[in-house]
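The structure is shown first.

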Amino acid sequence: VTGATVTGETPESDEVESVEAFARRARTWLATHMPRADDGLGGYKAVLRSDEDELAHIARCRELQRMLFDGGFAGIAVPRAYGGQGLTAAHQSAFNREIGGYEYPADTQVPTLTPCMSVILEFGSEEQKRRHVPPILKGETFWMQFLSEPSGGSDVAGALTTAVRDGEEWVLNGSKIWTTGAWWADWGLCLARTNWDVPKHRGLTVFMVQIHQPGIEVHRIEMLSGSREFCQEFMTDVRIPDALRIGQVDEGWTVVTRWMYHERTVAGGSPYVTAPTGRPAVALDPTSGPTALVPLSESRGWLGDSRVQELIGEAHAITLIGQALTNHIAEAIRTGAVNDQAAAITRLWYGTTAVRSSVIAYELAGATAVAWSDEESGLGQIGVRFLMRQSSCIAGGTTEMARNAISERVLGMPGERRVDKDVPFRDVPRSPPARERP
Amino acid sequence: MFTRSADQQLFEETTKKYLERAVPPATLRELAGTGNGCPPDFWRQGAELGWTSFAVPEDAGGGSVSEHGVKDLALVAYQFGLHAAPGPLMGSNVVAAALGRWGSPEQRAGTLPELLQGLAIGAWALAEAPPHDRLGEIELTATETAGGFRLEGSKTPVEGGADADYFLVTARSGVGLSQFLVPADTPGMRVTPLHSLDATRTFARLDFEGTQVAGASLVGDAANAGPAVEWLTDLAVTMQLAEMCGAMRWAFDTTLEWTFNRYSFGRPLASYQVIKHRVADMKMWLEASFAITAQAAEAVDGDRPDRSELVSAGKFYVGRYGVELLQDCVQLHGGIGLTFDHDLHLFLRRVVTDAPLFGTPGQHAARLADILAQEAAR
């Protein structure tokens with residue numbers, strides 16, 4: 001193999017490259033160009049990064065994404081006109097099978113590539129796609145979801161952030177919350193209410209908003225783990241051009257329905273996510289992984305205890321079955337055996353089993369997870385993580401919402417009684433104003 | 001559950017129709033607690049359909065529908081679960097698989113064809129009485145004698161033990177394990193029928209008190225059957241997984257339909273969010289069980305290195321959540337779900353019976369931990 005044949009350039013012909021040939025080409029390219037990953041499962045490193053480290057990490061993700069782009073492996077299933085490779089979801093899956101063991105831009109994937117880029121690709125105008133997708137694939141822009149609001153996370157259609165038209169511009173006012181990394185990210189995909197006089201689902205519109213501009217104040221939220229990655233944004237008279245509107249005015253709910261679908265595919269099945277097969281795009285907690293539990297239990301002389309063995313085995317079974325289930329559901333959706341709402345099954349799985357894994361790790365860590373020395377900070381992290389246990393069932397849509405989706409959209413059980421459906425949104429009862437600006 | 005080839009679909013459909021006709025729930029209720037739980041000629045006709053031959057290599061008289069015999073067999077087991085079917089599917093297949101792979105020419109020419117044709121019934125005597133009842137623990141001893149081997153110890157519970165013609169007995173001989181093909185009429189072997197939960201399956205305890213068996217009854221090499229026993233365990237558990245998936249499917253579909261048709265306080269049960277959320281959890285357990293079962297069957301069929309890992313992950317999960325699913329289905333049915341007249345118990349019995357046999361869910365989790373620890377040590 002000469003240097004010239006491993007540049008990763010897509011073959012000239014118009015015929016779609018076979019998945020097998022593509023996989024071979026990817027294998028060669030990865031071996032030559034991508035650094036090997038530190039698997040991150042061995043030790044109990046503290047998982048919190050300093051701001052400095054976080055920025056360095058993001059810079060590294062930008063670099064890695066750029067390497068994929070230059071090699072011809074960014075946006076594998078994205079049309080060439082928008083900077084992608086014009087191949088298929090099967091090619092992306094093949095790439096994900098090959099990339100195990102290599103460094104990859106883990107933080108570019110979610111929410112930048114999906115759901116944000118997925119939504120732009122699906123609803124953006126030709127011009128919007130040509131303008132906004134290539135910088136994403138090159139690692140130049142990171143996107144965040146301006147979706148949840150302090151008034152309620154699951155009731156997305158109840159957004160109170162308001163956009164009022166003023167000539168060729170829109171004026172945005174309101175607040176968004178739970179945007180990871182908004183303090184360093186570039187763009188937000190923002191849901192806003194453009195009509196208060198129609199029922200809630202019919203008065204919404206989606207906009208693309210540059211995060212760092214006059215009128216947007218980004219406040220960092222401190223979580224129980226000490227993490228300050230989640231942000232809340234306060235928008236005051238933010239003016240944006242109509243060219244940044246995605247989809248039709250007042251028809252944002254159509255966009256959001258697909259947006260939330262793409263969000264559910266982050267656990268597996270998205271044609272745009274680059275991540276090693278079997279590993280969800282959202283990073284797992286390395287301190288509670290089954291591989292880490294073996295040395296942990298061994299160090300305390302517990303490995304011979306059948307109860308401990310059962311817990312370790314359960315954690316490992318959860319990992320193996322999660323991979324099997326992710327592929328099983330993705331395949332069923334792909335072949336049309338089930339509708340795309342079945343992605344909620346995978347979401348429910350990762351939420352509930354992460355809780356279980358956290359319980360197991362906390363139990364095996366024992367009292368050291370409550371009070372620890374510097375040398376034991378890995379075990380301390382298991383405790384800190386346990387405080388945050390429910391996050392897997394809340395973030396990205398609660399497991400209660402996933403259960404609704406499974407029962408109503410997959411199994412056809414009756415929907416809940418709605419009091420907010422056929423009345424103007426301004427007449428729908430709502431909570432008193434939440435969270436004051438700090 | 002699995003992606004099926006056209007041939008597999010056709011085959012599965014034939015088995016399904018046969019089971020629907022031969023052993024509908026009303027028949028199962030009549031057969032409950034009688035003899036071997038099968039209608040006359042049921043097993044021989046099933047053997048004609050191929051039920052006994054999929055785990056046996058072709059050169060030993062076996063065969064497959066898809067060239068992936070274990071996956072074909074898993075489809076049969078799935079249909080058995082879906083119909084709570086009676087019959088020695090487990091025992092006859094395990095014994096036939098062992099003879100087909102490791103049997104002597106005489107065993108392959110004599111006993112194996114009888115098993116393949118459904119004329120004789122096999123049973124696997126693996127598990128032992130407490131305190132030696134953990135997965136993989138074998139204390140029954142085989143001591144070499146002038147005329148063969150002397151067996152000392154007990155096996156229980158042995159599925160199909162009261163009706164089997166041949167037992168595959170797993171024994172410890174010195175440092176390793178040995179397997180013996182022991183006919184049911186062997187003098188000095190005591191067969192005691194047991195009470196059991198399954199409606200149409202029988203179980204027995206076997207006691208060997210210095211029982212003499214011929215040297216020719218050895219299956220494979222003496223003291224070297226460890227890997228064979230592991231493989232047979234993985235095969236047996238794969239069949240259990242597929243069968244439990246079938247029973248779960250029946251219970252889930254039936255219960256979902258029930259929630260639509262059963263009205264309470266003027267509304268169908270299906271309209272209550274508390275019911276919907278439980279059904280959603282059950283749906284997740286069901287799909288996860290299908291997913292890992294398909295993976296396990298594929299790994300066993302291909303004899304992959306991760307075979308035991310996937311099988312044990314499956315047994316841990318399906319054994320635990322399959323039981324939960326069935327019990328939750330009973331709960332959603334209310335009192336009627338606890339009656340003999342409702343069909344649900346036929347499937348509940350099947351799943352709760354499969355769950356602890358050939359290793360409890362907890363023991364399989366421990367087996368997984370053991371695999372991880374071995375990997376870590378490497």
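Helices (H or I, at least four residues) and strands (E, at least two) are DSSP runs, numbered from the N terminus. On that basis chain A has twelve helices and eight strands. This is a predicted model, in which local features need pLDDT of at least 70, side-chain atom pairs count only at pLDDT 80 or more, and totals for chains, interfaces and linings use all residues. Residues are numbered from 1 along each chain as its sequence is written, chains are lettered from A and ligands numbered from 1 in the order in which they are written, and side-chain values use heavy atoms, with hydrogens and water left out.

Of the 438 residues in chain A, 51% are buried, where buried means under 20% relative accessible area (1.4 Å probe, protein chains only). The accessible surface, from the Shrake-Rupley method with a 1.4 Å probe, comes to about 19300 Å² for chain A, and 52% of it belongs to carbon and sulfur atoms.

| Helix | Residues in helix | Buried residues |
|---|---|---|
| α11(B) | eleven residues | nine residues |
| α10(B) | 27 residues | 22 residues |

Because 22 of its 27 residues are buried, α10(B) is largely enclosed by the rest of the structure. From first C-alpha to last, α10(B) reaches 37 Å, close to the 39 Å expected at 1.5 Å a residue, a span taken as 1.5 Å times one less than the number of residues. Just after α10(B), B:G334 takes a positive phi of about 75°.

Helix α11(B) covers residues 344-354 and is mostly covered; its buried residues include B:F347, B:R350 and B:D354. Among the elements covering them are α8 (226-261) and α10 (307-333) of chain B.

Methods
Buried means under 20% relative accessible area, exposed over 50%, partly exposed in between (1.4 Å probe, protein chains only). Contact means heavy atoms within 4.5 Å.
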